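Please keep the structure open while reading.

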Amino acid sequence: MEDLGGVAGSAEWVRRVLAGGWGERWAGEPVRPFSAGGAVPLSHTAGLWRVGEGTGSHVLKVQLNPEAARAPRFYPLKERIAAHCRSRGVPLPAPVPAVDGAPGVWRGGLVCELVPLLEGAAAGEFTPGQARAVVRTGLDLRTALDGLPSGVRDELATVHLPRLVDEEHWPSALRDAVDRLLPLAESGEDAWHRTAAEALREVAAAGRLLAEHPVPATGEPCDRPAVVHSDLHHHHFLFAPAGPGREEPTVEGVLDLDNLHVGDRLLDLAWLAEAAGRVAGPAERARSVGDFRRVAERRGLLCPGEERLLMPLLLAHSLPVIVDIAKDILERDILSPVWPGYFALLSPLRRLEIHRLLTAPPPA
């Protein structure tokens, strides 16, 4: 690894990266790491550093896990896609160009990107107004991605996603969860075994829906290939601070394009359907999910009948991740305090409820 002085990801290392990648004026800026401040970390593969203080601060993102990095040609392509979306009104933060004009720099085998710090914040549970704002912004993003030139999709298709879990084939992950891991989890009596068992029971329950609506496994051809964000969970929407004249919540920024790839375009819509269901109260939740479906269909982004595919697709996308975390707990003895938060984020039971709401007959 290239010697930049200091440990990779340390404050000294960050200052050297800033000076070398973006110029000496950045070397004197104060830097401090972001903390998660909640159950789910800001990133499980990257270090996030605040650069500067007050208005005009920035965030340096350092991909600390080399296995999570994409091929170098992915990052300029990602920025081309993001610029296309920004030109269509999608609030994606624009990176600060490095001294050579690139959207990021490589140092010691690690990719580093510098973006303006947004003032807004994510929400764990939405008000109905916030849910509407997320759906509206997410549908704008899906529309922009659908409008990309076909050559961009073809180029992205050659840049594969990194494999970060042992098993990305959801049918195999489901079988392993039900046949082997769940009995193992239920045989223990400590809190970690109980946590894993609860998550695996949800996985088993989701298997019934996937049996009724099977979807392709990761890497298999799909019927609706498109450039997809693929990770539009609620933590990736930042709401603008409330202020005078702002009656409705507004999404200030959509984060994390690192998982852009060519896949099923319904995956982004599935994430948005789940976001619409993150409101309190059964009646409000049903209304919000129903509104999502009507707006998505009215905008031509969801065809009648496709609503039945959304949650199975999202379940197939996340089951291998849940099962891999269960393996960390039960077999690898990796007992991270963030695991319960990830189980909550990816909860199959929530998705089963959203499926029920999406497919319910319209009220008389």
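A residue counts as buried under 20% relative accessible area, as exposed over 50%, and as partly exposed in between. The model described here is predicted.

## Pro93 and its loop

Pro93 lies in the loop that runs between H2 and strand E4 (105-107).

Residues up to four places away in sequence aside, Pro93 touches Arg86, Leu118, Val254 and Leu255. Ile322 is 229 residues from Pro93 in sequence, and the two C-alpha atoms are 30 Å apart in space.

## Helix H2 against helix H3

Two packed helices are described by the angle between their axes and the distance between the axes. For helix H2 (residues 74-86) and helix H3 (residues 128-146), the angle is about 120° and the axes are 9 Å apart. H2 is therefore oblique to H3. The crossing of these two helices, H2 and H3, is right-handed.

On the H2 side the contact involves Ile81, His84 and Cys85, which meet Leu141, Ala144 and Leu145 in H3. Sorted by class, this contact of H2 with H3 has five nonpolar residues, one polar residue and no charged residues.

## Helix H3 against helix H7

H3 also packs with helix H7 (residues 266-276), at an angle of about 175° and with the axes 9 Å apart. Because angles over 145 degrees count as roughly antiparallel, H3 is roughly antiparallel to H7. H3 contributes Ala131, Val134, Val135, Gly138, Leu139, Arg142 and Leu145 to the contact, while H7 contributes Asp268, Leu269, Leu272, Ala275 and Ala276. By class, the contact of H3 with H7 has nine nonpolar, one polar and two charged residues. Leu145 of H3 is named in this contact and also in the contact with H2.

How many of the eleven residues of H7 are buried? Eleven of the eleven are, so H7 is largely enclosed by the rest of the structure. The buried residues of H7 include Asp268 and Glu274, along with Trp271.

## Asp256 between two strands

Asp256 is found in the loop between strand E8 (251-254) and strand E9 (261-264). Its phi is positive, at about 65°, although Asp256 is not a glycine. Asp256 has a relative accessible area of 26%, so it is partly exposed.

Asp328 is placed in helix H9 (residues 307-330). Is Asp328 buried or exposed? Its relative accessible area is 9%, so Asp328 is buried. The side chains of Asp328 and Arg332 are joined by a polar contact of 2.5 Å. Leaving aside neighbours within four places in sequence, Asp328 is in contact with Asp333, Ile334 and Trp339.

One of those partners, Asp333, sits in the loop between H9 and helix H10 (339-345). Asp333 is exposed, with a relative accessible area of 59%, whereas Asp328 is buried. Asp333 has a positive phi of about 55° although it is not a glycine.

How values were computed
Residues numbered from 1 in each chain as written. Predicted model: local features only at pLDDT ≥ 70, side-chain atom pairs only at ≥ 80, totals over all residues. Heavy atoms only, no water. Helix = DSSP H or I, 4+ residues; strand = E, 2+ residues; numbered from the N terminus. Buried < 20%, exposed > 50% of the residue type's maximum accessible area, 1.4 Å probe, protein only. Polar contact = N/O pair within 3.5 Å; in protein donor to acceptor, adjacent residues only side chain to side chain. Contact = heavy atoms within 4.5 Å. Axes fitted to C-alpha atoms, helices over the stretch in contact; angles between N-to-C directions. Parallel < 35°, antiparallel > 145°, perpendicular 65-115°, else oblique. Left-handed = near helix turned anticlockwise from the far one by under 90°. Nonpolar A, V, L, I, M, F, W, Y, C, P; charged D, E, K, R; others polar.
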